[in-house]
Structures are given as structure tokens and as C-alpha cells.
Amino acid sequence: MTLTLTKETGAADLDGVTKMAIGASWDTTGGGSGGIVGWARKARGTDLDAVAILMQGDDPVRIAGLDSLDPLSNGAVVHSGDNQTGHGAGDDETITVDFSRIPPHVTSIVFVCAAFKRGASFDKATNVSFKVYDASDGRPEQVADIWPSLLGSGNACAVAKAYRVGGSWQLEVINSRGTVRQGDQSSLLRFAIGH
């Protein structure tokens, strides 16, 4: 059975989960344009970016996504790579976290989805969703969904946050929209700090 996690659900206890993955998926849309313009937009697709920002307290220290697929170079947080269109079935981008390899000074990981590159837009994507997998035994099994709200403005969504509680981790849904300057990694990091 798959749960739908929401802000109201509260934090989910990840005790016993040694490896977790979050998959982002979206479909392309014509953005409300009909005819040949809408068809061309849908055929071209849109580029959303799933990003994991590793935090030490309130300070971002590493980023997984964009140009960095394994920021700690030890397999602790691994990004699947950039899907620039949203075409295809299943997850378009996936971030896998091996909690046993996370250094002790990393206190939390903020998962963000953004229309980060110039020309990208949430308005050109539909059915944006995030799946949470328990991959502890090496075979990812979906355990939860996170559906971001369609309301709100901005080109970034803080999706969820995994954080340490003693010797284990918890996952909390944030589901908060905001704006980052496209192409500006510092702006993306500042957005993550607020969550």
C-alpha cells in the first residue's frame, strides 16, 4: 500500500530505512496554447530539475543535481541525471540517499524541484509528482507519494526534508512554492535554507 504524504501528515519515521529514493516525474503540456504552437511546446517538453541540498545546520554544504550527480563521491547521495523534456514513463529524475554513508556533520537534506534553467516553467509541466521509495534491500519499493499543490506561484517547490533525529532520520513534507533566479545556484541554495 502506498501512502500519500502531506504537510498535515507530519514527519514520517525512517527508522529501519537505510536507503531511500525520491523520484520526480512530470508530463509536458502546451501550456494552454492550442494548435501548432501547443503541439510544438508539448513535443519540445520542459526541463524541471530535481535537486537535493545537503545541509549542515542552516548552511548548505553540497548539492546533488544540476551538474553534480555524486557530490560526496561515495554514493551517499546520487542523482540519476538530467531529463530535459519530461518525456517517457516513470520517474524523470531520481535522487537516491544511502543514510549509512551520510557524514555525521550533514544534519538534513532538502529536496527541491525547480524550473531552474532559462526558458523552463512549471506552466509547461503537468501532473508533477514525487514518489518515495524504500530501497534498503536493493530493490526500490514505492512507499509514498507527494503531490505538490497546483496553487501558488514561482518556479521552485521545496518538496520534502529528511533530517536527523538522534541516530535515525525522518522525512517531512514541505510542499512550499517560491521563486529562484533561473540559472543562479546561489538563489536556489537560499531558497532551500528557508525550509
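Me: Which side chain meets that of Asp49 in a salt bridge, and at what N to O distance?

Reply: The side chains of Asp49 and Lys117 meet in a salt bridge, 2.7 Å from N to O. The term covers a side-chain nitrogen of Lys or Arg within 4 Å of a carboxyl oxygen of Asp or Glu. The model is predicted, so local features need pLDDT of at least 70 and side-chain atom pairs pLDDT 80 or more, while totals for chains, interfaces and linings use all residues. Numbering starts from 1 along each chain as its sequence is written, and side-chain values use heavy atoms, without hydrogens and water.

Me: Where in the chain do Asp49 and Lys117 lie?

Reply: Asp49 belongs to strand 4 and Lys117 to the loop between strand 8 and strand 9, so the pair links distant parts of the chain, 68 residues apart. Strands here are DSSP E runs of at least two residues, numbered from the N terminus.

Me: Is Asp49 buried or exposed?

Reply: Asp49 is buried, at 2% relative accessibility, whereas Lys117 is partly exposed, at 30%. Buried means under 20% relative accessible area, exposed over 50%, partly exposed in between (1.4 Å probe, protein chains only).

Me: How many salt bridges are there?

Reply: The count is four. Among them is Asp98 with Arg101, whose closest N and O atoms are 3.3 Å apart. Asp98 is buried at 10% relative accessible area, and Arg101 is partly exposed at 43%. In another, Arg139 pairs with Asp137 at 3.4 Å between the closest N and O atoms; Arg139 and Asp137 are exposed.

Me: How many cavities of 30 Å³ or more does the model hold?

Reply: A cavity is a set of 1 Å grid points, over the protein atoms alone, where a 1.4 Å probe fits but cannot get out; lining residues have an atom within 4 Å of a point. One cavity of 30 Å³ or more is found. The largest cavity holds about 60 Å³, the space filled by probe spheres on points joined across faces, edges and corners.

Me: Which residues line the largest cavity?

Reply: The lining includes Ile22, Ala24, Val51, Phe111 and Cys113. Strand 3 (19-28), strand 4 (49-56) and strand 8 (108-114) each give two or more residues to this lining.

Me: What is the volume of the largest pocket?

Reply: The largest pocket has about 260 Å³. A pocket is an open set of points with protein on both sides within 12 Å along at least five of seven lines. Phe122, Trp147 and Arg177 are among its lining residues. Strand 9 (residues 125-134) gives the most to that lining, with four residues.
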